[in-house]
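Please look at the sequence and the model before reading on.

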Amino acid sequence: MPTSISITSLSFTWPGAGAVFEGLDVAFGPGRTGLVGINGSGKSTLLKLIAGDLAPADGAVRVAGEIGYLPQNVTLDTRLKVDEALGIAAKRAALHAIEEGDVAEEHFETVGDDWDVEERALATLGELGLGHVELDRTIGEVSGGESVLLRLAALLLRRPDVLLLDEPTNNLDLYARRRLYAAVESWPGVMVVVSHDRELLDLVDQIADLRSGEISWYGGNYSAYEEALATEQEAAERMVRVAEADLKKQKRELVDAQVKLARRKRYGQKMWDQKREPKIVMGARKRAAQESAGKHRIMHEEKLAEAKERLDDAVVAVRDDDEIRVDLPYTAVPPGRGVLTLRELELAYGARVATGFDLHGPERIALIGRNGSGKTTLLRTIAGELEPVAGEATAHVPLRFLPQRLDVLDDELSVAENVARFAPGATNNRIRARLARFLFRGARADQKAATLSGGERFRAALAALMLAEPAPQLLMLDEPTNNLDMASVQQLTSALESYEGALIVASHDLPFLESIGITRWLMVEDGELKEITPETVGNPA
């Protein structure tokens, strides 16, 4: 049998939130499947259920073969050595012991048939662009993006039959993404990947669209899915127009029928009053007229009800997904005003700004560079979270920093309580009104932060940032499009386009950076902050 995932009658509910799945039946077969859906639709939850990290309330998940799972938020113990993170430390130690002449039986049992494990590990690291990472280094010495690739390398070394990837390109630079794309393209088994990365989703064989707890299938990659979905929506909108026209027609016919029946009733009453026919004849005529009128009315009311039902069905087929409405505070900064000054700045992990750097007025800075180059360290230093080794980083205006890991939220608190921490002067009504614009309405605002999806967590963190006082005139975002669905990225783009303060955005998402009107491009490379031209940005070696 080919390896596959079979899900039957699956039900799951997060505590304090609505049901995510009720009686879901779906199967994933060989090939690469892109699992898509709006933020909060349950994509990550479904992967966790398949991986066994969550238990269903009802139903069953069966997987033929070994599972490899790369979660959305990769966390590795910083004290681990690289070979431990790769899962080869024991085999490597046994190999080295045998090479040094120790022929104890347990060493041979540990190695088994995997005599080339070290060579394979180094080769896999090289394929993922981690050839410079030594097996004896500790995880604390690698960047967030490199830790994602290390976790992927560990999975590839295991050679599982089923590979589950949840937003694998988060935190990866352009170079690392190319490595990941190559690994995905060459994957021989069953793969289910959740991502908002269009380039990655264009490598899959089919799309599984998760919506309202159900999955719809589309053959081909994401581009083919978009075309099919657009055709579907055009047809659905046409059906709505046809159904609306039919409903109007049935309403008119019902009114016309009621007018005719009223005329007949008046005529019958007139004949009765004038007593032009025998009473028994008029009574029979009246009963027949009433019976006919009743049937006529029922027929038209049934037609009207059917027309309403057809319209309801047509409307349901048209997608009208909620989107976040991000209101950034009015924070205009005059063009000549000094916003940020960096002088002879040396950062905690080696990067430095050897010369002076000044940010004036509403400039928009894109901060790019390889994983581990020091982008996040620079932002954290400017935000005051890290002390510089030398030099100075001085902000001349109020600033706010949204970190990559969204660790500004307390998992034990609700969304509303988290936002209240950042805005102690704001009323509960104001907080909830703002959260509603970020799609946290009613009970959703009372949901614990620990239960939020990646995109929901971003929305909650951004809401907290925007409500904080004073309003930021310098806004710093570290990989803001991680975990966001494409509709939410568009909404964030619109919000940032209307923001009149200064921006510094660290991102590997070039289409997003190009869409928000970047005025200066800065690259952290070889420990230096360098200004580059836009033409040199999208050409990673």
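Helix H13 (residues 428–437) and helix H14 (residues 454–467) have axes that come within 10 Å and cross at roughly 130°. Axes here are lines fitted to C-alpha atoms, for helices over the stretch in contact, with angles from 0 to 180 degrees between N-to-C directions. Helices are DSSP runs of H or I with at least four residues, strands are runs of E with at least two, and both are numbered from the N terminus. The model is predicted: local features need pLDDT of at least 70, side-chain atom pairs count only at pLDDT 80 or more, and totals for chains, interfaces and linings use all residues. Residues are numbered from 1 along each chain as its sequence is written, and side-chain values use heavy atoms, with hydrogens and water left out.

H13 and H14 are therefore oblique to each other (angles under 35 degrees count as roughly parallel, over 145 as roughly antiparallel, 65 to 115 as roughly perpendicular, the rest as oblique). The residues that meet, with contact meaning heavy atoms within 4.5 Å, are tabulated here.

| Helix | Residues in the contact |
|---|---|
| H13 (residues 428–437) | Arg-430, Ile-431, Arg-434, Leu-435 |
| H14 (residues 454–467) | Ala-463, Met-466, Leu-467 |

Elsewhere, Gly-129 lies in the loop between helix H5 (117–127) and helix H6 (144–158). The C-alpha atoms of Gly-129 and Glu-146 are separated by 9.0 Å, with the two residues 17 apart along the chain.

Overall, the chain has 16 helices and 19 strands. Among its contacts between residues at least 6 apart in sequence, 71% join residues at least 24 apart.
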